[in-house]
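Dear colleague,

Please find below the structure that I am handing over to you, together with its sequence. My notes on what was found in it follow directly after.

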Amino acid sequence: MVTIRRYANEVEAEVDRAVLDANGIRAFVVRDNAGGMLPSLNLLASIRLVTDDADAAQARAVLGE
């Protein structure tokens, strides 16, 4: 898995994941915030959008990087 982008806001990450999904690219939002119980941990460990190695270049192009 490859990290495509990092976020401080979970909503932005989910919107970009949905954009990738609409374009046929499987992606996942990865967060380490105790299952949502401690959202302040997002400041320490950013939320990541990840995809397969084979889809990374296309995912970056779709998101405009």
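Strands here, like helices, are DSSP runs numbered from the N terminus (E, at least two residues, for strands; H or I, at least four, for helices). β1 and β3 pair in the antiparallel sense over five bridges, where pairing requires that DSSP finds at least two bridges between two strands.

Please note the basis of these remarks. This is a predicted model, in which local features need pLDDT of at least 70 and side-chain atom pairs count only at pLDDT 80 or more, while totals for chains, interfaces and linings use all residues. Residues are numbered from 1 along each chain as its sequence is written, and side-chain values use heavy atoms, with hydrogens and water left out.

Overall architecture

The protein contains two helices and three strands, and its elements run β-α-β-β-α from the N terminus on. Of its 65 residues, 26% count as buried; buried means under 20% relative accessible area, exposed means over 50%, and partly exposed lies in between (1.4 Å probe, protein chains only). The accessible surface comes to about 4,000 Å², and 53% of this belongs to carbon and sulfur atoms; the areas come from the Shrake-Rupley method with a 1.4 Å probe, and for residues only the protein chains shown count as cover. Among contacts with a separation of 6 or more, 64% are between residues 24 or more positions apart, a contact being heavy atoms within 4.5 Å.

The sheet

The three strands form an open sheet in the order β1-β3-β2, with antiparallel pairing. β1 and β2 stand at the edges with a single partner strand each, so one side of each is left without a neighbour in the sheet. From one strand to the next, the twist averages 25°. Axes are lines fitted to C-alpha atoms, for helices over the stretch in contact, and angles run from 0 to 180 degrees between N-to-C directions.

β2 and β3 also run antiparallel and are joined by four bridges. Within this pairing, Val29 stands opposite Leu49 in β3, and Ala27 stands opposite Thr51 in β3. As for β3 itself, four of its five residues are buried, so this strand is largely enclosed by the rest of the structure.

The nonpolar core

Which residues make up the largest nonpolar core? There are 12 in all: Ile4, Tyr7, Ala13, Leu20, Ile25, Ala27, Val29, Ile47, Leu49, Ala56, Ala59 and Leu63. The term denotes a set of buried Ala, Val, Leu, Ile, Met, Phe, Trp, Tyr and Cys residues joined through side-chain atoms within 4.5 Å. At least two residues of this core come from each of β1 (2–7), α1 (10–22), β2 (27–30), β3 (47–51) and α2 (56–63). The most is given by α2, with three residues. Val29 and Leu49, the pair noted above as standing opposite each other, both belong to this core.

Salt bridges

A search of the whole structure finds four salt bridges, each defined as a side-chain nitrogen of Lys or Arg within 4 Å of a carboxyl oxygen of Asp or Glu. In one of them, the side chains of Arg31 and Glu10 meet at 2.7 Å, N to O. This pair links distant parts of the chain, with Arg31 in the loop between β2 and β3 and Glu10 in helix α1, 21 residues apart. Arg31 is partly exposed, with a relative accessible area of 32%, and Glu10 is partly exposed as well, at 31%.

A further salt bridge joins the side chains of Glu14 and Arg17 (2.9 Å, N to O). Both residues lie in helix α1, three residues apart, about one turn of the helix. Glu14 is partly exposed, with a relative accessible area of 28%, and Arg17 is partly exposed, with 26%.

Glu14 also forms a salt bridge with Arg31, in which the closest N and O atoms are 3.0 Å apart. This pair again links distant parts of the chain, 17 residues apart. Through shared partners, salt bridges join Glu10, Glu14, Arg17 and Arg31 into one network.

With kind regards
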